[in-house]
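Trainee: Please take me through the ligand site, one part at a time.

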Amino acid sequence: MNQYLPDAYTVRAAIALAVRAPSVHNTQPWEWRFSGRTVELRADARRHLRHTDPDGRDLLVSCGCVLHHFTVAAAALGWAAQIERLPEPGLLARITLVPHDTRDGDIALAAAIPRRRSDRRPFAERPLLVRDEVFLAKSATDHGALLRLLDDAPQLSALTGASLAARELHRADTDYGIELAAWSGRRYAPDGVPAQNAVHATEAPRVRDFADAQLADTAEPDGAALTVLATRGDEPADRLRAGEAASAVLLTATRLNLASCLVTEPLELTSTRALVRDCVLDGKLEPQLVVRVGYLPEGAAPLPATPRRPIGEVVRPFGHGYGVGLPIPAQLRRH
Ligand SMILES: Cc1cc2nc3c(=O)[nH]c(=O)nc-3n(C[C@H](O)[C@H](O)[C@H](O)COP(=O)(O)O)c2cc1C
C-alpha cells in the first residue's frame, strides 16, 4: 500500500457513496473514470431528459451534486479532492486526490449521505432556527452560490404562481408527460423515481405529477421553508457549482435533522424561470434550484432510500486500464 496514493477500493468506495447524490428524476446522469490519484467525472448524455430539461441545467446540476458528494466521501476516507472544473470539452471535472487528515466534521457530513432523502410530504408548521438558517446559507456561499430564504408574501406568491404556471404548461406538453411517465412510478428499478417515494399530486405546487405516486398527500398546509439557490452567472460552470452548493445545503440540512427536497419544475421553462428571477431575485441573480427545508411532522415514518445503479455501470475504463488493480467487469468489456 502506498500512503500517498489511494487504492482502487478506496476510490470505488468514495464513488459508491457519492452516487447516493440526488439527480433529476433519479436519472443518475454521470460517468466516472479513475486511475491512481486522478478521478474524472463526465455527464452521461444518454440520460439527459430532453423534454423536462431542454437546456441541460438539471443534468449539470445533478452532476454538481455527485461531484460534491464525492469530495465529502473522499474526505471521510482520508483524501482531499482538488478539483479542476470543465478542464476540457466533455470533461466536467478532473479530481486529484491528496492525503488528508480526516476530521470529525468530514465524518459527520459523509454520514449524512445515506440518511438524506428527497421528502415531498408536507413539513410541520415550525420555523427554522436562525442558527440553522445561517448554517444552510453558509454551506451555499462556501460553494459559490447564494441561498435566499423567501420570507415575504410577494416572493412566496411569485414562486407559487411560477410553480402552478409551470405545472399547467407541462400538463399540456405531451412529450414532457411521456418522459415523466417513463422515469417515475418505478418499482424494483435501479433508477427513476420510485412510486413509494412520490406524493400523490394535489394542487400543492410543491408536488410534481410523478406517475403512480404511492404516498398519500395530507390536507395539512406545508410548513416548509422555501429557499432559492442562485448563482451570479448561468454558464455551465455556474450550473455545476450550483449542484455542488445544493449538495452541501442538503447534507447540512440532514446533519441538522431537517427534511429537504429539491424542486426545479418552475425553473425548467423560460417564462416561469424569468418570473422567479425577476420577482424573487430582483432580476440580479440566476435561479438554479428551489430547496424546501423543514421539519417532518411528529411521528412521520422515514422514507425508504431510492435505488441506485450498480457501481460497475457508472465506472468506465480509464485510458487502456481500468481503475487500479481491479479486473474489468464483464459488462464493461463490450464498450
Ligand atoms: C437537478 C435536480 C432537480 C430535481 N427536481 C425535482 C423536482 O422538481 N421535484 C421533486 O420532487 N424532486 C426533484 N429532485 C429530486 C430527485 O427526484 C431525487 O433526487 C431523486 O429522485 C433521488 O431520490 P433521493 O434524492 O431521495 O435520493 C431533483 C433533483 C435534482 C438533482
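Mentor: Of the 22 residues around the ligand, Arg 116, Ser 118, Arg 120, Thr 264 and Arg 308 come nearest; a residue counts as near if one of its heavy atoms lies within 4 Å. This is a predicted model: local features need pLDDT of at least 70, side-chain atom pairs need pLDDT 80 or more, and totals for chains, interfaces and linings use all residues. Residues are numbered from 1 along each chain as its sequence is written, and side-chain values use heavy atoms, with hydrogens and water left out.

Now the polar contacts (pairs of N or O atoms within 3.5 Å). A polar side-chain atom of Ser 118 lies 2.5 Å from a ligand oxygen. For Thr 306, the distance to an oxygen atom of the ligand is 2.9 Å. Thr 264 places a polar side-chain atom 2.8 Å from a ligand nitrogen. The protein covers 99% of the 620 Å² of accessible area that the ligand has on its own (Shrake-Rupley method, 1.4 Å probe).

Next, the shell by class. It has eight nonpolar, seven polar and seven charged residues. Here Asp, Glu, Lys and Arg count as charged; Ala, Val, Leu, Ile, Met, Phe, Trp, Tyr, Cys and Pro as nonpolar; the others, Gly among them, as polar. Domain 1 (8-114 + 309-333) and domain 2 (130-294) each give the shell at least three residues; the bounds come from an automatic or database domain assignment.

Methods:
Polar contact = N/O pair within 3.5 Å; in protein donor to acceptor, adjacent residues only side chain to side chain.
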